[in-house]
Amino acid sequence: MSPPLYLLLDIFGYLSVVLRGLILIAQSFTLGGIAFQLLLWRPLQAQLSAGSVVIGKRCQRLLRLSAFGWGLLTIGALALNAAALVGTLQVSWSEAASADFARADLVIAACALGVAFLTRDASSKARLVALLVLSLLALAMQLKLTHAASRLDVRWPLLLSDTAHMLGAAVWIGGLPYFLIALNGCQTVGDWRLVGRRYSLMSMASVAAIIFGGTAMAIKYIGSADAIYGTAYGVMTSAKVGLLLMLLALGGSNYLLVEELRRDPRTPILRLKRFAEVEIGIGLTVLFAAASLTSLPPGVDLPGDRLNWQEIAERATPQWPVRLTSPDHDRLTISQLQGKIAATEEQRTRAPLAYVPGEGTILPRNAEDIAWSEYNHHWAGVFVTLIGLLALIEHFRWGRWARHWPLLFLGMAAFLFFRADEQAWPLGPAGFFASLRDPEVAQHRIFVLLIAVFGLFEWRVRMRGNNAGAAALVFPLTTALGGALLLTHSHAIANIKDQLLIEMSHTPLALCGIAAGWARWLELRLDGRVGQMAS
Ligand code: HEM
């Protein structure tokens, strides 16, 4: 196998989940755009004020871009999966291209590119019908790539549920950017009322379809109550329920606002737009979570290796960070190994002086290594807790001094620089540049740099207050993106318990990151009571 193919297989798991997430986004934006045209824009166009004509053009542009992206991404996924087949099963490229998934992908790509072509001028009824037929054919093919199609038992209820679920996701989440375009393009209160009301109705029907389809699939694929917390599939589905609740809170308050707008034309609509922005952000996260879920074996198929309550409680019980004193550096494996190498090499003279990271030796871990690592993690936790506390104190009138909290990131970066890689400079024998040959050390060093830059950046934002402009949005966006990526990792194929316990702690962290990031977004983009509550 050629080296690039090896590399590809190494990252195949993660790459395929990310690609699937991007495909689901492009698919939802395409289907959502077509639904927006058919159910909102065309029926209401005649009643909207003349100035709002720009909305149609902008929506059409986004629809074309999404369909084009859907086609290209599908071709990318097809190439990736075919490469994985060729690399692992020793089949030829032509054999890989004739597999079931490849044929489905080819039809999806052709339909999506067809939609992109037709949307250049979709004003005629015939073209609209063609758009609809092509997009539904692509959706039907997409279903062939899900668990529903691969079950051995009765499949049609699952296929039906998946269809309703995906259509609901497309009309609601995929329709959101078009709704935002419409809100920004509307000229009069009458326009906002019409668009808001119609989109509310579309969203409510979609939520019903999502909940109906999602619940039916969850019951069938999870199978029992203990698989909800005992398998990765159950944990990921619960994360989706958490995200749905966040979306429902935002969507619900937008619904109330639209109703208020109908009664009182003076109701300000800024909140409607800001909530829609956050709904888009969280909606994209759910689509990534959906891709991650599809990559997992359903919980019902994994009766063994499940976690039980005792194991979860044992891991999740809060404990004081007991390891606040460090073991000595010379008792770590790396130092002992270094000692052994030095002793052997002394006999052989003129031999390498040090173990150089990256040369491929997998080190054993002794109890001192674990203590060293726990010490690092516990102090990192102390830093994060302090940062959180100061960020809270900053909100009190007497606590303005605490707004310098981002500077604590510098302390954390310095701590990690010294402690994260005990074999590398300054504590270990490997020189600074030599140690960068080890990918793990290189990654740690990049993260240290990022933390420092991030801290300084956010500190400047806090110092500049209201004058920080768009720079203030970088921190919340990165936090929310970090949360989304935590949800989008690839999973161990078998339900290895340790992996699952790690996932148990990562999933709530991801949900907190997503909530914190988007709450800060609202704090920055909204004044008044809602902004304060978000803060
Ligand atoms: C706004 C909320 C949601 C959106 C946008 C959404 C979107 C999606 C999408 C697009 C898929 C298809 C994934 C693929 O084929 O790769 C999917 C699958 C699925 N979703 Fe959701 N979903 C949402 C909420 C939920 C909820 C609340 C549940 C559970 C009650 C749920 C359970 C499932 C299940 C079980 C699957 C099947 C995955 C598989 O094939 O194994 N979803 N979701």
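**Arginine at the surface and in the interior**

Mentor: Of the protein's 535 residues, 45% count as buried, meaning under 20% relative accessible area, with exposed over 50% and partly exposed in between (1.4 Å probe, protein chains only). The model is predicted, so local features need pLDDT of at least 70 and side-chain atom pairs count only at pLDDT 80 or more, while totals for chains, interfaces and linings use all residues. Residues are numbered from 1 along each chain as its sequence is written, and side-chain values use heavy atoms, with hydrogens and water left out.

The fold has 21 helices and zero strands (DSSP runs, H or I of at least four residues and E of at least two, numbered from the N terminus). On the surface, Lys57, Arg58, Arg61, Arg64 and Arg120 gather in a patch of positive charge. Patch residues have over 30% relative accessible area and no salt bridge, like charges being joined within 9 Å; a salt bridge is a side-chain nitrogen of Lys or Arg within 4 Å of a carboxyl oxygen of Asp or Glu. One of these patch members, Arg120, lies in the loop between helix 4 (100-118) and helix 5 (125-143). Arg120 counts as exposed because its relative accessibility is 53%.

Arg520, by contrast, sits in helix 20 (residues 497-525) and is buried because its relative accessible area is 12%. Beyond its neighbours within four places in sequence, Arg520 is in contact with Glu458, Val461, Arg462 and Pro476, contact meaning heavy atoms within 4.5 Å.

Note on methods. Patch = residues over 30% accessible without salt bridge, like charges linked within 9 Å, V, L, I, M, F, W, Y side chains within 5 Å. Areas by Shrake-Rupley, 256 points an atom, 1.4 Å probe, with all protein chains shown as cover. Lys, Arg positive; Asp, Glu negative; His and termini not counted. Charge placed at Lys NZ, Arg CZ, Asp CG, Glu CD.
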